[in-house]
Amino acid sequence: MQYENEMRLEFLSKSSNEAFARVAVAAFASQLDPTIEEIADIKTAVSEAVTNSIIHGYENRMGYIKIFAGIIGSTVEIEISDSGKGIENIELAMQPLYTSKPELERSGMGFTIMENFMDSLEVESAPETGTKICMRKTIGAERNAQQP
Amino acid sequence: MELEFITESRTLVVRIDCELDHHASDTIRRKVDAEIQRLTPRKVIFDFSGVSFMDSSGIGVIMGRYKNVKRANGTAVMVNVRPEVKRVLEISGVTKLIPQYENLNQALQNV
């Protein structure tokens with residue numbers, strides 16, 4: 001795919017990098033002139049995906065998380081991937097309130113939030129290989145729809 | 001994070017002052033639980049005026065504390081929740097369980 005702009009990030013699966021990752025992606029997406037709400041949506045979705053990689057993918061062991069973001073027109077595409085343990089049952093993992101780690105007080109809302117805050121969400125995963133999340137959001141979609 | 005205990009009404013005010021994500025959640029959980037155990041408050045008020053960001057990890061922390069307080073026959077409410085944080089609470093169904101008030105005074109009068 002031909003992106004008009006691209007960026008890549010790679011960082012260790014430390015929880016202190018969660019804020020760094022969401023702020024970096026939001027800053028990259030800000031060239032599309034998003035509203036405060038759209039920026040908050042992107043930050044939250046990125047935070048969910050990165051947190052999933054840290055807690056579930058690497059189970060708090062150290063590994064690398066990669067982020068790719070690309071811009072096509074007014075759409076930002078964000079890919080977040082890890083080389084962790086993968087998701088056995090994607091359908092189950094995506095169900096609202098489902099969590100494989102209730103003992104850690106996980107709310108089970110991560111995927112639901114990603115789906116709600118972004119326009120599209122795709123999950124690819126293979127056990128012992130890793131997980132890749134691909135999300136897209138068109139900036140200004142609501143504003144454009146409201147115009148006559 | 002600031003913790004303030006109002007003795008006469010046995011109210012614990014928890015003023016969270018950070019981005020409420022997985023990274024922050026462990027510390028908040030530990031400190032708030034220690035205070036709840038020590039003071040056994042009847043009411044816990046989470047003041048969110050300093051929370052500019054929250055994701056589902058924050059939901060887990062708030063729901064967990066809410067359940068603990070409930071179990072001890074207490075109540076928990078939230079005040080000063082910003083719109084971007086409110087959206088996460090709404091999607092997660094938290095707004096249906098935990099009452100929200102505009103500000104601290106309203107909560108102190110009504111709870």
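In chain B, strand S4 (residues 75–79) and strand S5 run parallel and are joined by 2 bridges, strands being DSSP runs of E of at least two residues and helices DSSP runs of H or I of at least four, both numbered from the N terminus. Across this pairing, B:Val79 stands opposite B:Tyr101 in S5(B). The model is a predicted one, in which local features need pLDDT of at least 70 and side-chain atom pairs count only at pLDDT 80 or more, whereas totals for chains, interfaces and linings use all residues. Residues are numbered from 1 along each chain as its sequence is written, while chains are lettered from A and ligands numbered from 1 in the order in which they are written.

**Sheet and helices of chain B**

- The open sheet has 5 strands in the order S1-S2-S3-S4-S5, with mixed pairing, where two strands pair if DSSP finds at least two bridges between them.
- Its edge strands, each pairing on one side only, are S1 (2–6) and S5 (100–101) of chain B.
- Helix H1 (residues 22–39) of chain B packs on the sheet and touches S1, S2 (11–15) and S3 (43–47), its direction making about 170° with that of S2(B); axes are lines fitted to C-alpha atoms, for helices over the stretch in contact, and angles run from 0 to 180 degrees between N-to-C directions.
- Helix H2 (residues 56–71) of chain B lies across S3 and S4 of chain B, at about 145° to S4(B).

**Contact between the chains**

- The contact takes 17 residues from chain B and 21 residues from chain A, two residues being in contact if their C-beta atoms, placed from the backbone, lie within 7 Å.
- On the side of chain B that touches chain A, the elements giving two or more residues are H1, H2 and helix H3 (83–91) of chain B, and the largest share, 7 residues, comes from H2(B).

- B:Arg10, in the loop between S1 and S2 of chain B, has a positive phi near 50°.
- B:Arg10 is partly exposed, with 14 other C-beta atoms within 10 Å (buried means 20 or more such atoms, exposed 12 or fewer, and partly exposed in between, with C-beta atoms placed from the backbone).
- B:Thr40, in the loop between H1 and S3 of chain B, has a positive phi of about 35° although it is not a glycine, and B:Thr40 is partly exposed, with 13 other C-beta atoms within 10 Å.

**Confidence**

- Chain B averages a pLDDT of 92, and 100% of the residues score at least 70, pLDDT being the predictor's confidence in each residue, from 0 to 100.
- For the complex, the predictor gives an ipTM of 0.91 and a pTM of 0.93.
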